[in-house]
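Student: Let's go through this one together. I'll ask, you answer.

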Amino acid sequence: MRRQNNMKTKKINKSGGFTIPSDIRREIDMDKGQAVDIEVEAGKLIISKHTPRCMFCRTIDGVVRYQNNHVCSKCIKEMGDKVDG
Ligand SMILES: [Zn+2]
């Protein structure tokens with residue numbers, strides 16, 4: 001999976017940003033104005049296309065939008081159980 005031959009070096013600009021090279025954006029089908037998710041894993045930055053995640057458990061499975069937040073069906077059920085019982 002990992003390809004060393006497409007490694008690019010970029011400098012971070014004054015506002016803390018940098019440009020993702022267009023060939024890399026094309027390769028992973030990431031376009032202008034698109035939201036991205038940024039994570040740090042083992043000291044490395046991982047940038048991926050934005051996927052809505054549950055605000056409580058961070059899963060991407062069964063996530064619905066509720067009042068500007070994303071919540072998964074499992075957490076909704078757990079909240080319901082707590083309210084009922
Ligand atoms: Zn959840």
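**Working chat**

Student: Is C75 buried or exposed?
Tutor: C75 counts as buried, at 10% relative accessibility. Buried means under 20% relative accessible area, exposed over 50%, and partly exposed in between (1.4 Å probe, protein chains only). The model is predicted, so local features need pLDDT of at least 70 and side-chain atom pairs 80 or more, while totals for chains, interfaces and linings use all residues. Residues are numbered from 1 along each chain as its sequence is written, and side-chain values use heavy atoms, without hydrogens or water.

Student: Okay. Which residues coordinate the zinc ion?
Tutor: C54, C57, C72 and C75 coordinate the zinc ion, each through its SG atom. The distances run from 2.2 to 2.4 Å. Donors are N, O and S atoms within 2.8 Å of the metal (3.2 Å for Na, K and Ca).

Student: Why is the arrangement called tetrahedral?
Tutor: Because the 4 donor atoms subtend angles of 103 to 115 degrees around the zinc ion. Four donors count as tetrahedral if all angles lie between 85 and 135 degrees. The ideal angle for four tetrahedral donors is 109.5 degrees.

Student: What spacing do the donors follow along the chain?
Tutor: The donors of the zinc ion follow C-x2-C-x14-C-x2-C. C57 sits in the loop between β2 (44-49) and β3 (63-66), and C75 in helix α2 (residues 73-84), so this pair ties together parts 18 residues apart in sequence. Helices (H or I, at least four residues) and strands (E, at least two) are DSSP runs.

Student: New topic. How many salt bridges does the structure hold?
Tutor: It holds 4 salt bridges. Each is a side-chain nitrogen of Lys or Arg within 4 Å of a carboxyl oxygen of Asp or Glu.

Student: Which residue does K8 pair with?
Tutor: K8 pairs with D23, and the closest N and O atoms are 2.6 Å apart. K8 lies in the segment before α1 and D23 in helix α1, so the bridge ties together parts 15 residues apart in sequence. K8 is partly exposed at 38% relative accessibility, and D23 is partly exposed at 37%.

Student: What about K49? Which side chain does it meet?
Tutor: The side chain of K49 meets that of D29, at 4.0 Å from N to O. The pair links distant parts of the chain, 20 residues apart: K49 is in strand β2 and D29 in the loop between α1 and β1. K49 is partly exposed, at 34% relative accessibility. D29 is exposed, with a relative accessible area of 58%.

Student: What phi does D29 have?
Tutor: D29 has a positive phi of about 60 degrees, although it is not a glycine. Most residues other than glycine have a negative phi. R58 also has a positive phi, of about 70 degrees, and is not a glycine. R58 is in the loop between β2 and β3 and is partly exposed at 48% relative accessibility.

Student: Last one. What domains is the chain divided into?
Tutor: Domain 1 covers 4-49 and domain 2 covers 51-85. Their centres, taken over C-alpha atoms, are 29 Å apart. The bounds come from an automatic or database domain assignment.

Key
Tetrahedral: all angles 85-135°; square planar, octahedral: opposite > 155°, others 65-115°.
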